[in-house]
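Please keep the sequence and the model in view while reading.

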Amino acid sequence: MNVLITGAGGQLGRCLREMADQVGHDGLVMPGPDRASHFVFTDVTEGYEFLDITDASAVNAFVKSRGIQAIVNCAAYTNVEKAEEEPELAEKLNAGAVAVLASAMKEVGGLLIHISTDYVFGGKATEPYPEDAPAHPSGVYARTKRQGEEAVMASGARYVILRTAWLYSEYGKNFVKTMLRLTAEKPSLKVVNDQKGTPTYAGDLAEVILRLLEMAGQVGHDIYHYTNAGECTWYEFAKTIAAYAGHTACDIQPCTSDEFPSKVHRPAYSVLDKSKIKEALGIRIPHWTESLQTCLERLQ
Ligand SMILES: NC(=O)c1ccc[n+]([C@@H]2O[C@H](COP(=O)([O-])OP(=O)(O)OC[C@H]3O[C@@H](n4cnc5c(N)ncnc54)[C@H](OP(=O)(O)O)[C@@H]3O)[C@@H](O)[C@H]2O)c1
């Protein structure tokens, strides 16, 4: 199976590349004799084979000429604040381009694994969101990500929509890396304590994606949720990062979201129910504290 990874230079894409290089070593067996060579990693950033997923003719030509049978779409407009200033760009990437990928997979009978977000729910719940909870996106990022989901579902292609949340990794910019820096530099820090969710190590998500690809023939019209296990606020997450890193000199204090004025309404509660994917893949989901330690060890 020839698998196209889009947005391969991002956090999740880079974890997937690392994981695909190890395929076969940890019981993750892809079809074919030379497993790693079945993945094609593309992005618009330097260092990757160039593929702009907003360019429909380029995507269609790529899929046909390279015999692509599955796409993992890791590309997205992910800057939640900036999306408010560039709604057209966000929509083009998070919705328009997703429709193009889905249509290309429909054409060849392939599978699209599309990554989506807890933000589609709006965050007013008090218990974990199941896959079929009604969507209430708020803000440009959330709305365009939901449009992307709708485009996938309406496309007629075989798909898996994989919703995740609070993604971090060794790569790119993320909350863990920012907190590591700030708690080393600053004597004190305020972190919001009224938004609850689950941090997710992108390496764990990448592993789940490889498992879904192994089952590519058996999945087709599915939505799954995957984050690490447990839940916390950003404040609790920050305290744990600092404690694990030994940055004890920084005084971290809880605060409310009002203290950080933003154009975007952030979900107050965005914990996702993972029972469906746990059962379908027969996986153990590591607690967020366990995966945080894994990531911190890799960052050293
Ligand atoms: N990060 C989170 O906390 C979070 C939470 C929930 C869900 N998600 C979802 O998880 C997925 C992966 O997120 P991530 O954090 O790994 O994202 P990321 O680090 O922002 O990576 C996205 C990648 O897509 C690339 N890209 C931008 N425009 C493109 C285009 N036109 N064609 C092809 N590639 C393009 C970006 O390149 P440039 O950097 O050069 O723009 C970047 O390398 C996304 O769907 C996101 O919505 C993320």
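Predicted model: local features only at pLDDT ≥ 70, side-chain atom pairs only at ≥ 80, totals over all residues.

Ala, Val, Leu, Ile, Met, Phe, Trp, Tyr, Cys and Pro count here as nonpolar, Asp, Glu, Lys and Arg as charged, and the others, Gly among them, as polar. Residues are numbered from 1 along each chain as its sequence is written.

How much of H1 is buried? A residue is buried if 20 or more other C-beta atoms, placed from the backbone, lie within 10 Å of its own, exposed if 12 or fewer, and partly exposed in between. By this criterion 8 of the 11 residues of H1 are buried, among them Gln11, Arg14 and Met19. The buried residues of H1 pack against strands S1 (3-6), S2 (39-43), S4 (70-73), S5 and S7 (167-168), and against helix H7 (202-214); contact requires C-beta atoms, placed from the backbone, within 7 Å.

A helix pair comes next. The axes of H4 (residues 87-108) and H5 (residues 140-154) come within 8 Å and cross at roughly 15°; axes are lines fitted to C-alpha atoms over the stretch in contact, with angles from 0 to 180 degrees between N-to-C directions. H4 and H5 are therefore roughly parallel to each other, a term for angles under 35 degrees. Their contact includes Ala95, Val98 and Ala102 of H4 and Thr144, Gly148 and Ala151 of H5. By class, it has 10 nonpolar, 4 polar and 2 charged residues.

Two single residues complete the picture. Asn60, in helix H2 (residues 56-65), is partly exposed because 16 other C-beta atoms lie within 10 Å. Asn60 and Val100 are 40 residues apart in sequence and 8.1 Å apart in space, C-alpha to C-alpha. Trp166 lies in the loop between strand S6 (158-164) and S7, and is buried because 24 other C-beta atoms lie within 10 Å. Most residues other than glycine have a negative phi. Phi of Trp166, however, is near 45°, a positive value.

Key:
Helix = DSSP H or I, 4+ residues; strand = E, 2+ residues; numbered from the N terminus. Contact = placed C-beta atoms within 7 Å. Parallel < 35°, antiparallel > 145°, perpendicular 65-115°, else oblique.
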